[in-house]
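We will go stop by stop, selecting a few residues at a time.

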Amino acid sequence: ELTEQGTRLADTAGGVTNEAWTNAAKHYDEDQLAALVSLIALINAWNRLNVITQRPAGDYQPGQWG
């Protein structure tokens, strides 16, 4: 829920809801939430870079670089 809302910001005018944050906080401590938010942001950044450069994600073939 947290990941989905944090990724699809255009779909929710207010961003991540308090309910989504509270639900995540039931399962993760403060340090884990910080790590989770960082990973969500990093994955979203890579996905956006792939869109901008028109590079499809997931096209790596094992052994293709050596």
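In which helix is asparagine 44 found? Select asparagine 44 and look: the answer is helix 3. One thing to keep in mind on this tour is that the model is predicted.

**Stop 1: helix 3 from end to end**

Select residues 30-52, which make up helix 3. The helix has 23 residues. From its first C-alpha to its last, helix 3 reaches 33 Å, close to the 33 Å expected at 1.5 Å a residue.

Now zoom in on the N-terminal end. What caps helix 3 there? Select aspartate 29, the capping residue. A side-chain oxygen of aspartate 29 lies 3.1 Å from the backbone nitrogen of aspartate 31.

Just after helix 3, pick glutamine 54. Glutamine 54 takes a positive phi of about 55°.

**Stop 2: the buried side**

Select Leu33, Ile40 and Asn44, which are buried in helix 3. What do the buried residues of helix 3 pack against? Color helix 1 (2-7) and helix 2 (18-25) to see the two partners.

Stay with asparagine 44. Is asparagine 44 buried or exposed? Asparagine 44 counts as buried because its relative accessibility is 10%, and the cut-off for buried is under 20%. Show its neighbors too: leaving out residues up to four places away in sequence, asparagine 44 touches Gly6 and Thr7.

**Stop 3: a residue in between**

Select leucine 36, also placed in helix 3. At 22% relative accessibility, leucine 36 counts as partly exposed.

Next, draw a distance from the C-alpha of leucine 36 to the C-alpha of asparagine 18. The two atoms are separated by 16 Å. Along the chain, leucine 36 and asparagine 18 are 18 residues apart.

**Stop 4: the nonpolar patch**

Switch to a surface view. Select Leu39, Leu42, Ile43, Trp46 and Leu49. Together they form a nonpolar patch on the surface, with about 520 Å² of accessible area.

Click on tryptophan 46, a member of this patch. Tryptophan 46 sits in helix 3. Why does tryptophan 46 count as exposed? Its relative accessible area is 53%, and exposed means over 50%.

An α-helix has 3.6 residues a turn, so residues three or four places apart point the same way.

**Stop 5: helix 1 and glutamine 5**

Move to helix 1 and select glutamine 5. Glutamine 5 is buried, with a relative accessible area of 15%. What does glutamine 5 touch, beyond residues up to four places away in sequence? Show Gly15, Val16, Thr17 and Ala20.

**Stop 6: the salt bridges**

How many salt bridges does a search of the whole structure find? The search finds two.

Select Glu4, Arg8 and Asp11, which are linked in a network of salt bridges. Arginine 8 bridges to glutamate 4, with the closest N and O atoms 3.8 Å apart. Arginine 8 also forms a salt bridge with aspartate 11, and there the closest N and O atoms are 2.6 Å apart.

Finish by checking how open these side chains are. Arginine 8 is partly exposed, with a relative accessible area of 43%. Glutamate 4 is partly exposed too, at 49%.

Conventions:
Residues are numbered from 1 along each chain as its sequence is written. This is a predicted model: local features need pLDDT of at least 70, side-chain atom pairs count only at pLDDT 80 or more; totals for chains, interfaces and linings use all residues. Side-chain values use heavy atoms; hydrogens and water are left out. Patches are made of residues with over 30% relative accessible area and no salt bridge: like charges are joined within 9 Å, nonpolar side chains (Val, Leu, Ile, Met, Phe, Trp, Tyr) within 5 Å. Accessible areas come from the Shrake-Rupley method with a 1.4 Å probe; for residues, only the protein chains shown count as cover. A salt bridge is a side-chain nitrogen of Lys or Arg within 4 Å of a carboxyl oxygen of Asp or Glu. Helices (H or I, at least four residues) and strands (E, at least two) are DSSP runs, numbered from the N terminus. Buried means under 20% relative accessible area, exposed over 50%, partly exposed in between (1.4 Å probe, protein chains only). Contact means heavy atoms within 4.5 Å. The expected span of a helix is 1.5 Å times one less than its number of residues. A polar contact is a pair of N or O atoms within 3.5 Å; within protein, one must be able to donate a hydrogen and the other to accept it, and residues adjacent in sequence count only if both atoms are side-chain atoms.
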